[in-house]
Amino acid sequence: MASPGFVHELGVENVRQHEKEYWKRWRDHPDPAFIAVDEDTEQQKLGAIVLYSEQDTPSGKEYRIGVAVKEGARGKGIGKLLIGRALKFAKDEQAHKVNLYVDPNNIAAISLYKNMGFRIREEKDHEITMEVNLRQSA
Ligand SMILES: CC(C)(COP(=O)(O)OP(=O)(O)OC[C@H]1O[C@@H](n2cnc3c(N)ncnc32)[C@H](O)[C@@H]1OP(=O)(O)O)[C@@H](O)C(=O)NCCC(=O)NCCS
């Protein structure tokens, strides 16, 4: 789940290679992640969220999230549930911040993040950085 700025800077092929290597390392060094599954079948995967550990400072950890919901399952509250679960995980881990990168044209994602308490930290042409301060949020 590469950021829009990362793709713009490195190009699609380099990002593909980077992601291939990331998933190769995943088995030995997995990042925390949650998967939303269909309540009835408990098999069909509807969406996922990953928390990448960004920093480990004396003031606490900082995570960066990447989230996606399957096309046919969007607009039903799954993204909201996944983000809520990830924020709870980060709080339980004593993290002080969760951040993310989003494409400025991704209106659905930006509005979801704002609803979940994220605020814009930095805005560039190809990328918006948003964050939520867990010590201030309820
Ligand atoms: C962004 C994404 C994860 C949202 O997941 P979702 O399950 O559809 O979102 P939800 O149903 O939980 O919606 C929650 C909130 O998001 C916002 N939202 C969702 N879809 C929206 C849309 N099409 N337009 C505007 N706002 C939208 C609303 O604020 C909504 O709250 P509301 O229902 O109370 O109005 C999903 O669209 C997705 O996977 N997109 C492709 C991958 C992607 O862009 N990932 C993010 C990369 S930064």
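**The sheet and its surroundings**

Tutor: In the protein chain, 52% of the contacts with a separation of 6 or more are made by residues 24 or more positions apart; a contact means that two C-beta atoms, placed from the backbone, lie within 7 Å. This is a predicted model, in which local features need pLDDT of at least 70 and side-chain atom pairs count only at pLDDT 80 or more, while totals for chains, interfaces and linings use all residues. Residues are numbered from 1 along each chain as its sequence is written.

The protein chain has 4 helices and 6 strands (DSSP runs of H or I with at least four residues, and of E with at least two, numbered from the N terminus). Read from the N terminus, these elements follow the pattern α-α-β-β-β-α-β-α-β-β.

The 6 strands form an open sheet with mixed pairing, in the order 1-2-3-4-6-5; two strands pair if DSSP finds at least two bridges between them. Strand 1 (33-37) and strand 5 stand at the edges with a single partner strand each, so one side of each has no neighbour in the sheet. On average, neighbouring strands are turned by 25° against each other, direction ignored (axes are lines fitted to C-alpha atoms, for helices over the stretch in contact; angles run from 0 to 180 degrees between N-to-C directions).

Consider next the end of the sheet that holds strand 5. A hairpin of 4 residues leads from strand 5 to strand 6, and these two strands are antiparallel, with 4 bridges between them. One of the paired positions is Arg119, whose bridge partner in strand 6 is Glu131. In the protein chain of 138 residues, buried residues make up 20%.

Strand 6 also runs antiparallel to strand 4, to which 6 bridges join it; here Val98 has Val132 in strand 6 as its bridge partner.

Two helices complete the picture. Helix 3 packs on the sheet and touches strand 1, strand 2 (45-57), strand 3, strand 4 and strand 6. The direction of helix 3 makes about 30° with that of strand 2. Helix 4 lies across strand 4 and strand 6, at about 165° to strand 4. Helix 4 also gives 6 residues to the shell around the ligand, the largest share.

How values were computed
A residue is buried if 20 or more other C-beta atoms lie within 10 Å of its own, exposed if 12 or fewer, and partly exposed in between; C-beta atoms are placed from the backbone.
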